[in-house]
Amino acid sequence: MYKKILYGAAGAAGASVVAWRTMFPWIGDDLIMMKLGSKALKKQVEDIEKGIFLVNRFEDQVHKNPDKVFIIYDDNLFTFKTMDEQANRVANAAKSLGLRVGDTVALFCSNSPEFIWTFLGLQKIGVIVAMVNTSIHAKALAHSVIASGASVLMVGAGDDLKNTAIEAADDMENVKIWLQGCSSSQLPANFLSFDDLMYRALPVPIDKSYRSEVDAMTTCCYIYTSGTTGLPKPTFIQQLKAQAIGSTHYVLSINENDILYLVLPLFHSAACMSLWSALNAGATVVLRKKFSASHFWQDVRKYNVTIFQYIGELCRYLLAQKPSELDRKHKVRAIIGNGLRKDIWTEFQTRYGIPFICEFFAATDGNTLLFNASNKPGAIGRLSPFMRRLEPNPRRLVKYDYNTAEPVRDKNGRCIEVDRPGEAGLFISFIPPEARNKPIYRAAAEATAKKIIRNAFVDGDEYYNYGDLLYRDKDYFLYFNDRIGDTFRWKGENVSTTEVANILTNVDFIQDANVYGVSVPGQDGRAGMAALTLTKDTNLSPEKLKKIYDYCEKELPRYARPIFLRNLEEDILTVTFKQKKNNIVKEGFNPMEIKDRLYFRDEQSRTYIPLTADVYPKVLKAKL
């Protein structure tokens with residue numbers, strides 16, 4: 001079906017391109033995207049029909065270029081052959097311990113070659129990999145493992161990861177824990193050293209027939225997302241979707257000569273885009289454990305990097321570095337990512353001499369992808385009339401209700417499309433019949449139901465609700481406006497207001513917590529703020545403020561810890577006792593405009609301090 005749409009439209013477009021170009025000057029970009037997309041889709045269809053998936057592509061690269069460097073990490077070179085031998089050891093060791101096709105292993109591991117060969121080795125025997133966020137604490141770790149249905153937790157090297165796993169062990173009954181980076185003599189009882197098993201395992205390949213049951217709709221892995229229901233939810237990534245994720249860099253014309261720089265965490269879908277695209281293309285990946293602004297361009301120049309992936313905050317941190325005469329001395333030909341603000345796009349591109357910036361819009365749990373392949377500052381994609389005509393059920397922007405995060409319906413019960421440039425609308429995408437009645441998240445049926453919009457334009461149709469507001473300009477370029485619902489974005493992560501509120505109310509003197517995100521000038525995303533209702537006759541003394549600080553430090557990942565506190569003098573509730581957010585979100589954190597006492601998270605003094613009129617200007621200039 002997709003091939004007929006793409007190829008048929010391409011032929012018709014050729015005959016009328018002159019007329020279309022007169023009306024729509026950006027049609028050339030649409031045609032390029034259509035051509036590239038058609039090529040990528042054709043390859044995906046061919047692979048799926050032949051039963052070729054991500055791990056098969058990796059094995060093809062091993063056969064084709066065994067001695068080509070696949071991963072560079074800490075100046076160590078790992079060829080495709082080396083990575084394959086290690087992956088084979090993982091597969092044989094896991095198989096000897098009884099893992100089979102369809103089983104699940106939760107992988108709790110930092111960026112490293114071990115993460116990659118463990119993932120590939122488990123794929124070789126058809127085991128699902130649940131890629132767990134390494135910044136979470138013990139309680140969320142236990143929840144993440146149990147929610148995935150994993151029978152095994154594989155813990156990467158490092159005392160921080162090991163200690164978190166040990167702390168979470170009591171809450172993970174019947175889950176085996178295997179650790180990398182240490183021997184059996186260094187482990188507590190009931191823990192297994194996977195390194196000892198790897199040492200004894202043979203590097204011989206597993207016959208492909210062992211995973212013959214794997215097909216396009218088989219789950220490849222789980223990537224976690226935090227949504228409106230609180231704790232991390234494992235999102236189904238089928239082999240088909242993994243192939244699509246690994247084809248995203250077609251827009252950059254990626255090839256085997258490219259060298260990608262990857263500093264984003266491998267458990268995140270953004271990093272998967274780069275890693276899996278490089279794997280498919282046979283390109284080289286320079287991997288770093290975590291992002292460092294001071295080392296970024298040194299690495300890019302040292303390793304002759306040609307492509308890197310960003311998030312908006314990453315670009316802002318790089319711009320904050322002292323200008324250097326070497327800023328434009330590199331071989332980067334293209335970058336791809338999301339969250340690059342329009343106000344710094346041109347400055348970043350000009351200062352560092354980046355020829356092509358490709359901003360995209362997507363969601364781990366979504367079913368579509370938007371690209372800005374036109375170098376248009378700030379845009380995340382296009383929904384032009386020409387491209388919409390190629391889609392039998394085009395993606396849409398519809399009017400919304402901010403309070404419910406749901407579309408507004410007309411008198412006939414149908415969604416109402418936004419039709420004016422500049423007007424924000426809720427972005428939704430069509431779910432084809434063959435993809436319906438399938439869960440988006442594992443063990444979270446209610447959360448899946450909240451993402452589906454039914455009978456949007458005709459009886460029986462279904463659309464995926466992204467919960468994001470976009471708007472278009474007169475040339476049909478799309479721009480991100482905001483998130484609605486119970487999440488906001490900070491430090492490149494989605495923060496669940498429900499999860500943070502639940503943590504805060506565990507503090508004995510906090511009766512209720514209304515959590516939301518507030519805009520801070522010069523900062524990407526929204527900083528966390530918690531409006532607190534205290535128990536009767538309680539004041540926020542320095543001791544209590546310190547207790548909140550320490551509790552958040554212990555129970556919440558860094559990106560989810562509230563930056564601001566507001567001590568409410570009275571509850572802000574609806575008549576049905578639901579928290580009202582609209583007004584307090586708009587009020588922000590300005591002490592000159594808010595009568596309630598405000599506090600700021602001060603990492604230097606390791607507590608919350610009063611946010612007074614004198615402190616407020618300093619906060620605006622601070623690096624949060």
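In this predicted model, Arg-200 belongs to helix α8, which covers residues 194-200. The relative accessible area of Arg-200 is 58%, and the residue is therefore classed as exposed, the cut-off being over 50%. Between Arg-200 and Lys-329 lie a sequence separation of 129 residues and a C-alpha to C-alpha distance of 46 Å.

Of the 6 residues of β20 (residues 425-430), 6 are buried, so the strand is largely enclosed by the rest of the structure. Strand β20 pairs with strand β17 (residues 396-398) in the antiparallel sense, through 3 bridges. In this pairing, Arg-396 has Ile-428 of β20 as its bridge partner. Strand β20 is also joined to strand β22 (residues 462-472), again antiparallel, by 5 bridges. In general, the strands of a sheet pair through backbone hydrogen bonds, and the sense may be parallel or antiparallel.

An open sheet is built from 8 strands in the order β2-β1-β11-β10-β12-β13-β14-β15, and its pairing is mixed. Strands β2 (76-79) and β15 (370-372) form the edges, each pairing on one side only. On average, neighbouring strands of this sheet are turned by 20° against each other, direction ignored. Within the sheet, β10 (residues 259-262) and β11 (residues 284-287) are parallel and share 4 bridges. Leu-262 is placed opposite Leu-287 of β11.

Helix α4 (residues 80-96) lies across β1 (69-73) and β2, and runs at about 75° to β2.

Helices α4 and α5 also pack against each other, with an angle of about 55° and axes 7 Å apart. The two helices are therefore oblique to each other, and their crossing is right-handed. On the α4 side the contact is made by Met-83, Asp-84, Gln-86, Ala-87, Asn-88, Val-90, Ala-91 and Ala-94. The residues of α5 in this contact are Pro-113, Ile-116, Trp-117, Thr-118, Leu-120, Gly-121, Leu-122 and Lys-124. Sorted by class, the contact of α4 with α5 comprises 10 nonpolar, 4 polar and 2 charged residues.

Helix α4 has a further helical partner in α3 (residues 54-64): the axes of α3 and α4 come within 9 Å and cross at roughly 130°. Helix α3 is therefore oblique to α4. The crossing of α3 and α4 is left-handed. Helix α3 contributes Phe-58, Glu-59, Gln-61 and Val-62 to the contact, while α4 contributes Phe-80, Lys-81, Met-83 and Asp-84. The contact of α3 with α4 contains 4 nonpolar, 1 polar and 3 charged residues.

Definitions and conventions
Residues numbered from 1 in each chain as written. Predicted model: local features only at pLDDT ≥ 70, side-chain atom pairs only at ≥ 80, totals over all residues. Heavy atoms only, no water. Pairing = 2+ DSSP bridges. Axes fitted to C-alpha atoms, helices over the stretch in contact; angles between N-to-C directions. Contact = heavy atoms within 4.5 Å. Buried < 20%, exposed > 50% of the residue type's maximum accessible area, 1.4 Å probe, protein only. Parallel < 35°, antiparallel > 145°, perpendicular 65-115°, else oblique. Left-handed = near helix turned anticlockwise from the far one by under 90°. Nonpolar A, V, L, I, M, F, W, Y, C, P; charged D, E, K, R; others polar.
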